[in-house]
Amino acid sequence: MTKFDLNDDSVVVIVGSGAGGGTLGTDLARAGIKTVILEAGSRYEIEDFVNDEWASFGQLAWTDPRSTSGNWRVHKDFGGLPAWIVKAVGGSTVHWAGASLRFQEHEFRARTTYGDIAGANLLDWPVTLDEMAPWYEKAEFRMGTTRTNGIPGLPGNNNFKVLEAGAKKLGYKEVHTGRMSINSEPRDGRGACQQIGFCFQGCKSGAKWSTLIAEIPKGEATGNLEVRPDSQVIKIEHDASGKATAVVYADKDGKLQRQKARVVAVAGNSIESPRLLLNSASSMFPDGLANSSGQVGRNYMRHTTGSVYGVFEKPVHMYRGTTMAGIVQDEARHDPSRGFAGGYELETLSLGLPFMAAFLNPGAWGREFTSALDGYENMAGMWIVGEDMPQETNRITLDPKLKDKYGMAAASVHFDDHANDVAMRNHAYGQGSAIYAAVGAVRTFPTPPYPSTHNLGTNRMSAKARDGVVNKWGQTHDVKNLFVSDGSQFTTGATENPTLTIVALATRQAATIASLMAKNEI
Amino acid sequence: MAIIQNDTAGSALGRRGFLKTSAAAAAIAVTGGAIIHSGEAWGLEAKALTPAAMRTLVVLARDIFPHDRLADKFYAVAVKGWDEKAAADAAAKAMVLGGIATLDAIAQSSHGTAYADVAWEADRVAILRQAEGGAFFQAVHGGLVVSLYNNPDVWPLFGYQGESASKGGYVKRGFNDIEWL
């Protein structure tokens, strides 16, 4: 394995190895650029993953201290766990379900399309769908997304069949097994889906795309990429000219190291990335690195989510097979006549019994609760994922008291639901329940949001420096050789699961960085 | 501490009758340093807590998450960790004993008997409603949602099949076998 010297100041240093960082690092390495990825978590391979929800959570989840506030129910139910994301090589692509949807054209123009919504800090993206289309094509090809590039859709499991039958009875038309970056047939050296279930716990067959198995090994094979696991980044340093020069991190023994860098890219997901920029404050950047706009950490989005579970008279066994290979897209449009801006998707979802008990109605007890679990075998489930409104006051800040084990301020996550989010969620609960009622559900459960899996927007992309943190290439407005490469770039959240767009942006950003380096501009 | 179990009783215990449930504690006897379940043929030794306290915890666990399909032994397994915690941590022991004393005091004033001996589940639940905001109830509830449902032995009773990768997943084992739609 390639190893780069700590004093090698010609390397690109990427913080994080998930959808953004893992893709960017691999592309840079393939372009001949020496790259170091610093990953806070450990490296687990397919054989290490376990089909056991709590054990897997203990293995993969990011459980370092965080605090929460706001009126979102996650604060009440899971006050120390605002997000369910991964701390391991591959980041949350180890955990993701595989849904790979392009944004809709109007979603890149949210402010123009939705207008001035009170309390929402809407802004148009500085890129358009036309500009992104070729990068979406590249992303779909490298990820092997079903229903693109001639790749067939996945077969529908029991949970999908219930969703499909109910949705069709309601007259929905766009119902299928999704655009999934999970092999429906062998491709790219990986086999076809074995319908194991446990997509969230790390795919044991390798059918699911992740940067861990499908990208990073290719980058490493070039000899230009070094991934350092168990490396928690503490701060980014800069010189007197305001150029990033090095990244300080705690290694596996807790010892501080300083990796010099020509370029730094931050891809630690939307809670850690702004935390790192804020923790990197200096006399030159007193409010945090790249924060002249004051927007670092703001506009935190998590998608308007929730689940609907239905109990039927006969068995469903929803947990068998691909967790999220099923979608209803008819509500994804922007149609204000429904009483809210933006749209939502309904996607199949299942939890095993242990997580169903923990997440169905946290805090509940007694027969109303247990009679729901008694119907587990006969249960079908779906997840609501819709566009939520960016709000300046929904933000990541540094907790004044809580520290991590290296003494760095922990992230504090504040989130209040916007009225638009609430109206959308209630609409989706109604439609989801109607889908199951149409095929004979005896009970349905509108289930509250889980800790956030889609964390977005806290280093937003903007045309003007005063409106956001990065430009259309993910380059920070304030520091030329500092980039943001994860979902925190998102100007607005759109309706769709974010990973495909993160990968498309990272692929595009890699080309930009390579070009700027070749021209000696960074 | 271990569950001492007669193998002939274990898996045959499926659904419980209404009468057994409504007089939950009646099936569990306290003897010496252990609780004995004659119907299910198992015993549980208590080390730091008294057998009476363990018996109360078993009743409490069932009242929090009542599943008629689950035998008492699953609740006993789910709460036995409190005996271990109490052995290791005096504060945990005091919290458990104090919490039980509170439940018993409410039960004595309303029913003239200890909480675990109140015959009807609905009456015991009414007692718990007065205690659910307290640290003891919250701690027992929070632990139980994992310790009860994360026991692989209860999964088949809910139709959950657990680990599947080593069996080849469900691609040939019924991922799409639904027929009633």
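This is a short tour of a predicted two-chain model, stop by stop.

Before you start, note that residues are numbered from 1 along each chain as its sequence is written, and that chains are lettered from A and ligands numbered from 1 in the order in which they are written. Because this is a predicted model, local features need pLDDT of at least 70 and side-chain atom pairs count only at pLDDT 80 or more, while totals for chains, interfaces and linings use all residues.

**Stop 1: confidence**

Colour everything by pLDDT, the predictor's confidence in each residue, from 0 to 100. The model scores ipTM 0.94 and pTM 0.95. Chain B has a mean pLDDT of 88, with 86% of its residues at 70 or more. Now select residues 4-23 of chain B: pLDDT stays under 50 there, and the model has 25 contacts beyond four places in sequence for this stretch. Residues are in contact if their C-beta atoms, placed from the backbone, lie within 7 Å. Where pLDDT is low, the predicted coordinates should not be read in detail.

**Stop 2: chain A as a whole**

Show chain A as a cartoon and you will find 12 helices and 17 strands. These are DSSP runs numbered from the N terminus (helices H or I, at least four residues; strands E, at least two). Its C-alpha atoms fill a box of roughly 70 × 50 × 45 Å along the principal axes.

**Stop 3: α1 and α12 of chain A**

Select residues 19-30 (α1) and 499-518 (α12) of chain A: the axes come within 8 Å and cross at roughly 35°. Axes are lines fitted to C-alpha atoms, for helices over the stretch in contact, and angles run from 0 to 180 degrees between N-to-C directions. Show side chains, including Leu24(A) and Leu28(A) on α1(A) and Ile502(A) and Ala506(A) on α12(A), which belong to the contact. By class, the contact has 9 nonpolar, 5 polar and 1 charged residues. Here Ala, Val, Leu, Ile, Met, Phe, Trp, Tyr, Cys and Pro count as nonpolar, Asp, Glu, Lys and Arg as charged, and the others, Gly among them, as polar.

**Stop 4: α3 and α4 of chain B**

Move to residues 72-88 (α3) and 90-111 (α4) of chain B, which pack at about 130° with axes 5 Å apart. That makes α3(B) oblique to α4(B) (angles under 35 degrees count as roughly parallel, over 145 as roughly antiparallel, 65 to 115 as roughly perpendicular and the rest as oblique). The crossing is left-handed. Trp82(B), Lys85(B) and Ala86(B) of α3(B) meet Ala92(B), Lys93(B) and Val96(B) of α4(B).

**Stop 5: where the chains meet**

Finally, select the contact between the chains, with 28 residues from chain B and 37 residues from chain A. On the chain B side, the largest share, 3 residues, comes from helix α6 (residues 135-147). That side divides into 17 nonpolar, 9 polar and 2 charged residues.

Methods:
Left-handed = near helix turned anticlockwise from the far one by under 90°. Contact = placed C-beta atoms within 7 Å.
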